[in-house]
Amino acid sequence: MTTPFTSEQSEDHYLAQIESLVGQIIQCGGFELKPTVRKCDTAELDPNAPFIVVDFDGPDCDLLLEKNAALLDALEYVVLKAVRVDDDLYGRISFDCHDW
């Protein structure tokens, strides 16, 4: 599968950093959420599909989805900035909660 990631910043590199940071934010924030960070299988078939998906489940999902998922969007923005994802890859890494 071809990916838009450079050899310097591989998919696995981003996966590990995103998973670690999301876990820290959930723990420090006291959220009851279980994140799943995974490579997306459909990316090979659809050139616009995300390569990495961060999916949330748990009792606090309602908090992520309030006000048109403002907290979910904010979490995505902060994590991708902190991990230093290239701007052209923003649409290729997706944060989701209950198929939002």
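Good morning. L63 belongs to helix α2. Setting aside residues up to four places away in sequence, L63 touches F31 and L71. F31 stands 32 residues from L63 in sequence, yet their C-alpha atoms are 9.2 Å apart in space.

Please bear in mind that this is a predicted model. Its mean pLDDT is 86, and 87% of the residues reach 70 or more. Among the elements, helix α2, residues 61-82, has the highest mean pLDDT, at 95. The lowest, at 92, is that of helix α1, residues 11-29.

Let me turn to the overall arrangement. The protein contains 2 helices and 3 strands, and along the sequence they follow the pattern α-β-β-α-β. Of the 100 residues, 35% are buried. The protein exposes about 6,200 Å², and 48% of that area is supplied by carbon and sulfur atoms. Considering contacts between residues at least 6 apart in sequence, 61% join residues at least 24 apart.

What, then, of the interior? In soluble globular proteins, nonpolar side chains tend to be buried together. Here the largest nonpolar core has 23 residues, and the members touching the most other members are I18, V22, F56 and F95. Two or more residues of this core come from each of α1, β2 (52-57), α2 and β3 (93-97). Which element gives the largest share of this core? That element is α2, with 7 residues.

Beyond its neighbours within four places in sequence, F95 is in contact with I18, V22, V54, F56, L72, L75, E76, V79 and L80. That list includes I18, V22 and F56, which are named with F95 among the core members touching the most others.

R84, in the loop between α2 and β3, has a positive phi of about 65 degrees although it is not a glycine. D99, in the segment after β3, is likewise not a glycine and has a positive phi of about 55 degrees. Are these residues buried or exposed? R84 is exposed, with a relative accessible area of 69%. D99 is exposed as well, at 71%; both values are over 50%, and therefore meet the cut-off for that class.

Thank you.

Definitions and conventions
Residues are numbered from 1 along each chain as its sequence is written. This is a predicted model: local features need pLDDT of at least 70, side-chain atom pairs count only at pLDDT 80 or more; totals for chains, interfaces and linings use all residues. Side-chain values use heavy atoms; hydrogens and water are left out. Helices (H or I, at least four residues) and strands (E, at least two) are DSSP runs, numbered from the N terminus. Buried means under 20% relative accessible area, exposed over 50%, partly exposed in between (1.4 Å probe, protein chains only). Contact means heavy atoms within 4.5 Å. Accessible areas come from the Shrake-Rupley method with a 1.4 Å probe; for residues, only the protein chains shown count as cover. pLDDT is the predictor's confidence in each residue, from 0 to 100. A nonpolar core is a set of buried Ala, Val, Leu, Ile, Met, Phe, Trp, Tyr and Cys residues joined through side-chain atoms within 4.5 Å.
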